[in-house]
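Here is a short briefing on side-chain pairing and helix packing. Please keep the sequence and the coordinates open as you read.

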Amino acid sequence: MPSAERPQWVVREDAGPSVLAALYLRQMLGIRSPEELPGLRGVPTDAPEADAVLERQWRALWAMTVEPLAHPSEVPLELIAGMDTLLALPADGADELRAAIVPHAGAALAFARSASALHTDRVRGSSYRAYASAIAVHEREVGRRAHSFELNVQVLPLAQRGLWWIGSLTIAVTDGLRGDVVAFDAAIHPIIAELA
């Protein structure tokens, strides 16, 4: 007799260069949304506030960057000059954002690659254990196996320590919090409880 299918969970942890580049550009262009998400450490925050058109175009870029499968473009995408393959904008309807990004492209690309590489070097092999432990604790507390779920975790060098939802399946966590085993376990537990 075949056994019942066991629930499965998938947690992907990354410091995605595309996410980092989008956040770098957010600060350089004076984009304020998402309001609850703090800025990046070491990146100037004194840009004048962006107009509504630029902000709307950046929010569309952000959604496509964080969760591309949930936010596909309705028109073809084009790469942004100087950004390698990290970011693409709709061929139509994003001219203001494209023009605003180009002067910052080289710095955004360098920042994103450097911050992503730093995260990769720090967590090699340790990410699975952190989530498996939190899921095991949750299963003991509720007295059942965790439901199947998917979670994407972006580990980012944000100026304020914490954890924020940035998509329906994606959270951002500061690198400082992620590096503190006890504090991270406490912070990730409510997320696991909500999903599992």
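**Helix packing and salt bridges**

Helix 5 (residues 127-142) and helix 7 have axes that come within 9 Å and cross at roughly 60 degrees. This is a predicted model. A search of the whole structure finds seven salt bridges.

**Helix 5 with helix 7**

- The crossing of helix 5 and helix 7 is right-handed.
- On the helix 5 side, the contact residues are Ala130, Tyr131, Ala134, Ile135, Val137, His138 and Glu141.
- On the helix 7 side, they are Phe184, Asp185, Ile188, His189, Ile192 and Ala193.
- Sorted by class, the contact of helix 5 with helix 7 holds nine nonpolar, two polar and two charged residues.

**Helix 1 with helix 2**

- The axes of helix 1 (residues 17-29) and helix 2 (residues 52-66) come within 10 Å. They cross at roughly 165 degrees.
- That angle makes helix 1 roughly antiparallel to helix 2, because angles over 145 degrees count as roughly antiparallel.
- The crossing of helix 1 and helix 2 is left-handed.
- Helix 1 contributes Ser18, Val19, Ala22, Leu23, Arg26 and Leu29 to the contact. Helix 2 meets them with Leu54, Trp58, Trp62 and Thr65.
- By class, the contact of helix 1 with helix 2 has seven nonpolar residues, two polar and one charged.

**Glutamate 150 and arginine 12**

- Glutamate 150 pairs with arginine 12 in a salt bridge. The closest N and O atoms are 2.8 Å apart.
- The pair links distant parts of the chain, 138 residues apart. Glutamate 150 sits in strand 4 (residues 149-156), and arginine 12 in strand 1 (residues 9-14).
- Glutamate 150 is partly exposed, at a relative accessible area of 32%. Arginine 12 is partly exposed too, at 41%.

**Glutamate 78 and arginine 98**

- Glutamate 78 forms a salt bridge with arginine 98. Here the closest N and O atoms are 3.8 Å apart. The pair counts because the cut-off is 4 Å.
- Glutamate 78 lies in strand 2 (residues 77-79) and arginine 98 in helix 3 (residues 95-101), so the bridge ties together parts that are 20 residues apart in sequence.
- Buried or exposed: which is arginine 98? Arginine 98 is buried, with a relative accessible area of 16%. Glutamate 78 counts as partly exposed, at 40% relative accessibility.

**Aspartate 180 and arginine 161**

- A salt bridge joins the side chains of aspartate 180 and arginine 161, at 2.8 Å from N to O.
- Aspartate 180 lies in the loop between helix 6 (175-178) and helix 7 (181-195), and arginine 161 in the loop between strand 4 and strand 5 (163-165), so the pair ties together parts that are 19 residues apart in sequence.
- Aspartate 180 is partly exposed, at 30% relative accessibility. Arginine 161 is partly exposed, at 47%.

Technical notes:
Residues are numbered from 1 along each chain as its sequence is written. This is a predicted model: local features need pLDDT of at least 70, side-chain atom pairs count only at pLDDT 80 or more; totals for chains, interfaces and linings use all residues. Side-chain values use heavy atoms; hydrogens and water are left out. Helices (H or I, at least four residues) and strands (E, at least two) are DSSP runs, numbered from the N terminus. Buried means under 20% relative accessible area, exposed over 50%, partly exposed in between (1.4 Å probe, protein chains only). Axes are lines fitted to C-alpha atoms, for helices over the stretch in contact, and angles run from 0 to 180 degrees between N-to-C directions. A crossing is left-handed if the near helix is turned anticlockwise from the far one by less than a right angle, and right-handed if clockwise. Contact means heavy atoms within 4.5 Å. Ala, Val, Leu, Ile, Met, Phe, Trp, Tyr, Cys and Pro count as nonpolar, Asp, Glu, Lys and Arg as charged, and the others, Gly among them, as polar. Angles under 35 degrees count as roughly parallel, over 145 as roughly antiparallel, 65 to 115 as roughly perpendicular and the rest as oblique.
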